[in-house]
Amino acid sequence: MAKEKVSCAFIGGSEGEIEGFVTDIILRDRVLAKNLKPGIAVREIMDTGIFHIEKNALLYEALLQMFQAKIRYLLVKEDNHFVGWISRNKILTEQYQGPFIFIQSLKQALDVEELKQKWRIVPLMVHQLVEKGIRASIINQIVSAVTDTITQRVIEIQFDQMGQAPANFVFIVLGSEGRGEQTLKTDQDNAIIYEDKANEKRELVRAYFLEFAEKVSTELNDIGIDFCKGDFMAKNPKWTHSLSHWKRNYENWIQQSTTETMMKYATFFDCRAIFGDYDLWEELKLFMGQQLLNPTEKFFMNLGWNALQYEPPLTFFKRNIKTFKIDGEEHFNIKKAMTPIVDLTRAFALKHRIFETNTGKRMEALRDLGIFSEKETKELSHAYYYLMSLRLEKQALQIIEKGQRPVNYVAINQLTKVQVVTLLEIFKVIKEFQLKIKIEFTKNIF
């Protein structure tokens with residue numbers, strides 16, 4: 001490493017058979033700090049957690065993978081062969097004005113007030129990314145990574161104040177953050193799963209996590225990540241429970257299969273763990289997968305009906321966009337226009353036991369299974385991310401130019417003729433996919 005002036009060495013029989021790696025930090029922590037002799041075999045101290053990325057992937061994608069997996073190095077692959085590696089420091093040096101330096105600064109924030117000040121920078125950052133033509137799917141992931149990092153830092157600060165938790169737990173996020181599809185109009189959607197404890201400790205553990213959740217949610221709200229209007233938050237006692245209780249929740253929802261329980265099931269299907277003992281979440285997902293093998297007859301029927309609750313805003317003859325007036329101007333709700341895509345993709349994912357949370361990745365998985373054709377996947381993906389890009393652009397401008405809180409309404413007079421025509425075609429595509437849901441899930445074409 002000294003000779004090559006590198007901080008990481010990959011280990012294996014050949015470039016195609018890499019088994020692990022050693023970094024300067026590993027040598028420090030596992031050899032020097034433990035006073036081990038340098039004559040031991042490298043296999044005794046190497047890290048075997050190998051991660052890789054395709055050669056043509058974007059730097060944004062590489063950094064997102066690094067931040068999410070908490071790693072500093074990625075192998076680079078081309079045609080199933082490793083062709084090199086890249087470090088987080090190298091990318092950050094190249095992207096010194098990019099969002100990932102910003103995310104790194106969030107990790108080092110000293111208090112909630114500093115996080116609050118940094119959150120105010122996000123709209124400008126998003127606007128710059130939109131202006132540079134960065135894909136909406138990448139911007140979504142960046143905003144979600146920012147929110148994840150702020151939440152993680154708030155949790156760490158809270159531990160400093162309350163002391164460590166009395167039981168293992170995992171903090172999960174749901175909704176748009178769970179799908180990695182956050183925009184600038186975002187609120188809190190989260191929950192806590194903690195390990196089961198003996199009877200005499202049960203109340204003590206529960207009391208701790210309810211107090212902990214209340215403080216975390218309150219601080220996030222103070223930063224600018226608002227309380228959830230539907231109260232889907234860990235501070236709500238309904239959504240902070242032991243693992244066994246959460247298993248009963250999922251079991252009851254799927255057995256009852258009412259419209260209401262289907263909404264809860266769908267909400268908690270879009271979940272992602274961001275802090276704590278991830279094994280608790282993996283165990284719950286495994287339980288969900290087993291339950292989905294034998295659902296009730298009405299489970300998928302009601303799931304299908306739920307996916308049809310929102311219709312694309314088209315007039316009766318599908319020639320114009322259906323609008324409503326705000327202060328005399330014609331608007332449409334872009335979030336509600338996108339919701340059918342999220343809902344119908346989730347419905348098919350549930351039916352085929354696809355546990356990807358991101359809508360775009362669910363589409364790809366459904367294509368790979370032959371559920372969606374290549375053409376259908378492209379149409380639906382292009383529709384979804386066109387709407388997402390427009391939504392992000394309008395929200396950023398609303399904050400930057402007007403100093404207003406972002407909303408999900410778009411004024412028709414602010415759109416070009418090309419945008420209006422594109423939106424009309426997109427809404428027609430969504431309408432066709434909803435017919436696919438009607439036929440497959442509800443057995444009803446009317």
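A: Let's zoom in on Tyr-250: leaving aside residues up to four places away in sequence, it touches Tyr-265, Phe-268, Trp-281, Leu-284, Phe-287 and Met-288, where a contact means heavy atoms within 4.5 Å. Keep in mind that this is a predicted model, where local features need pLDDT of at least 70, side-chain atom pairs count only at pLDDT 80 or more, and totals for chains, interfaces and linings use all residues. Residues are numbered from 1 along each chain as its sequence is written, and side-chain values use heavy atoms, leaving out hydrogens and water.

Tyr-250 belongs to the largest nonpolar core, which has 124 residues; along with Ile-150, Phe-171, Tyr-265, Trp-281 and Phe-427, it touches the most other members. Such a core is a set of buried Ala, Val, Leu, Ile, Met, Phe, Trp, Tyr and Cys residues joined through side-chain atoms within 4.5 Å, and buried means under 20% relative accessible area with a 1.4 Å probe, counting protein chains only. Helix α7 (residues 136–162) gives this core its largest share, 12 residues; helices here are DSSP runs of H or I with at least four residues, and strands are E runs of at least two, numbered from the N terminus. There's also a second, separate core of nine residues, including Cys-8 and Phe-21.

Now zoom out. The protein has 17 helices and 12 strands, and 48% of its 446 residues are buried. Among contacts with a separation of 6 or more, 68% join residues 24 or more positions apart. The C-alpha atoms fill a box of roughly 80 × 55 × 45 Å along the principal axes.

Note on methods: Buried means under 20% relative accessible area, exposed over 50%, partly exposed in between (1.4 Å probe, protein chains only).
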